[in-house]
Amino acid sequence: MASLGQITLPRAPSAEIGLLRRRLERPIIRTRIGFNGRIASVLTNAGDQAVSVKASVSQKVIEEEAKVIVGTYARAPVVLSSGKGCKLFDPEGKEYLDCASGIAVNALGHGDPDWLRAVTEQAGVLAHVSNVYYTIPQIELAKRLVASSFADRVFFCNSGTEANEAAIKFSRKFQRFTHPEDKEVATGFIAFTNSFHGRTLGALALTSKEQYRTPFEPIMPGVTFLEYGNIQAATDLIRSGKIAAVFVEPIQGEGGIYSATKEFLQSLRSACDAAGSLLVFDEVQCGLGRTGLMWAYEAFGVTPDIMTVAKPLAGGLPIGAVLVTEKVAETINYGDHGSTFAGSPLVCSAAIAVMDKVSKPSFLSSVSNKGRYFRDLLVKKLGGNSHVKEVRGEGLIIGVELDVPASSLVDACRDSGLLILTAGKGNVVRIVPPLVISEEEIERAVEIMSQNLTALD
C-alpha cells in the first residue's frame with residue numbers, strides 16, 4: 001500500500017496513477033473540527049500532506065494553552081473532555097483508565113449519581129453567601145467530620161495548602177495563648193524528609209524538596225527538617241521547647257508512598273505532650289478512606305491535635321478542612337483567620353455526598369480488599385522485573401519503586417490508555433485510583449503496566 005496524506009491508496013498500474021494524481025490535485029471540500037467542537041468546511045487540496053481529514057481538537061487545545069496559561073505545569077499531552085466512573089475520554093474519543101483520580105481527588109470516580117444530584121440540587125438553591133452568614137450544609141458537613149474523627153471543631157478552607165497554612169497559624173496562636181506571660185514562645189516547626197505540604201509560602205517552608213523552595217526564598221523561617229522515622233532526632237528537638245508544632249504525613253504521597261511506623265508516631269505524640277508542642281497530621285492525600293480506614297491515623301493508635309484534609313473531600317470540587325481539638329479551638333478568636341469562599345453550600349453539599357458513601361464500613365472494607373488485591377497482582381505481574389524494587393502502600397494509595405526514573409513507564413501506560421503518576425524522586429509509580437474501581441479495572445491496569453515494562457529498558 002502507498003500513502004498520500006491521509007488517504008491510503010492501493011497499488012495501481014502506471015497508466016492509472018496519472019489519472020489518480022490529477023484527481024487528487026483538484027480542490028475538494030473537507031470537514032474540520034474547530035476549537036469549539038463545531039464542524040467547519042475547509043477548502044483544501046486533497047494531496048496536501050499537511051492537512052488532516054479531521055483536525056485534532058486536542059492539538060488545538062494544547063496550542064491555545066501555550067498562549068494563555070502561565071507555564072507552571074509540565075502537562076501530559078492529553079486533553080480530557082469527559083468521564084464516567086473510572087474512565088476518562090479525550091475529545092477524539094480515546095478511552096483512559098483513570099488510576100490517578102485527579103491526584104487522589106475523585107474518590108467516587110467521575111459522574112457519581114449521588115454526588116451529581118447533591119451538586120445540581122444545591123446549585124439550584126444556593127451556591128455562595130460567604131462566612132458572614134450561617135448555612136446548613138456547612139454545619140452538617142462539620143458535624144460529620146467531627147463525628148468520624150478525634151476532632152471537636154472544624155475550620156473550612158479551599159485546598160490542602162490552605163489547610164496547612166491555617167494549621168501553621170493555629171499552632172503559633174496556641175503557643176502565644178497558652179504562654180501569655182512569656183516574652184518568647186515556641187515558634188519553630190519540625191517537618192520531615194520527603195514531605196510535601198503545599199505550595200504557598202508557609203506550607204512550602206514545610207515541604208522538603210529544595211527545588212520547590214529555592215526559587216522563592218526567603219520563605220517562612222523556623223522549620224527544621226529531620227529524617228522521616230528518626231525517633232531520637234525528633235524527640236531531642238521537641239524537648240528543646242522551641243517547637244510550636246510537628247507536621248507529619250502518616251503516609252507520604254508525593255514523597256513516594258512511605259508509611260510511618262506506629263513507634264515513630266507514638267514517640268512524636270509523647271514528646272509533644274511533654275513539651276507542650278502540637279502534633280499535626282497532614283492527611284490531605286492519605287485521609288478519607290484512601291487507606292481502607294476513614295482516617296490514616298486510625299491504624300497507628302495515635303491521634304493528633306490538628307489534622308489537615310482536602311483532596312477527596314468534595315469529590316472534585318475545591319475544599320480543605322482543618323480538624324482540631326477543643327484545646328486548640330479555644331485559642332482561636334474571631335478575626336484570627338478566615339476565607340471568603342470556604343465552606344460554601346455548594347461545595348459542602350458535594351462533600352456530604354462523598355462522606356456519606358465513603359464512611360460506610362462496607363465501603364471502607366471494599367477499599368481495603370481491593371487495595372490488597374491490587375498490590376498482590378502488581379507483585380505477581382511486575383515483581384519479576386529487574387527494575388521493580390518494591391510494591392508498597394495501604395488501601396488504594398500504592399507505590400511501585402523502581403531503580404530507574406518512572407516517567408518512561410508512566411508515558412507508555414498513558415499511550416496504552418492508563419493514567420498513573422510519579423512520586424518520590426521520580427522513581428516511584430504512584431497509583432491512586434478512584435475508590436470505586438472494580439477488580440476487573442484493577443486487572444486491566446496491572447496488565448497495561450506489565451505490557452509496558454519494556455519502556456524501562
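Seven strands make up an open sheet, ordered β8-β16-β15-β14-β11-β9-β10, with mixed pairing. Strands are DSSP runs of E with at least two residues, helices are runs of H or I with at least four, and both are numbered from the N terminus. Two strands pair if DSSP finds at least two bridges between them. The edges are β8 (153-157) and β10 (223-226), each pairing on one side only. On average, neighbouring strands of the sheet are turned by 20° against each other, direction ignored. Axes here are lines fitted to C-alpha atoms, for helices over the stretch in contact; angles run from 0 to 180 degrees between N-to-C directions.

This is a predicted model: local features need pLDDT of at least 70, side-chain atom pairs count only at pLDDT 80 or more, and totals for chains, interfaces and linings use all residues. Residues are numbered from 1 along each chain as its sequence is written, and side-chain values use heavy atoms, leaving out hydrogens and water.

Strand β8 runs antiparallel to β16 (residues 320-324), and five bridges join them. Val154 stands opposite Leu323 in β16. Helix α5 (residues 136-147) packs on the sheet and touches β8 and β16. Contact means heavy atoms within 4.5 Å. The direction of α5 makes about 125° with that of β8.

Now turn to the rings. Rings of Phe, Tyr and Trp (its six-membered ring) pair if their centres lie within 6.5 Å; planes under 30 degrees apart are stacked, over 60 edge-to-face, and the rest tilted. The count comes to seven aromatic pairs. Phe150 and Tyr297 are edge-to-face, because their ring centres are 5.6 Å apart and their planes stand at 80°. Phe150 lies in the loop between α5 and β8, and Tyr297 in the loop between β14 (278-282) and β15 (306-309), so the pair ties together parts 147 residues apart in sequence. Both Phe150 and Tyr297 are buried, meaning under 20% relative accessible area; exposed is over 50%, and partly exposed lies in between (1.4 Å probe, protein chains only).

Phe196 and Tyr212 form another edge-to-face pair, 5.8 Å centre to centre with 80° between the planes. Phe196 lies in the loop between β9 (188-192) and α7 (201-205), and Tyr212 in helix α8 (residues 210-213), so this pair ties together parts 16 residues apart in sequence. Tyr212 is buried, with a relative accessible area of 18%. The charged end of Arg199 sits over the Tyr212 ring, 4.6 Å from its centre. Such a charge is NZ of Lys or CZ of Arg within 6 Å of the ring centre and within 35 degrees of the ring normal.
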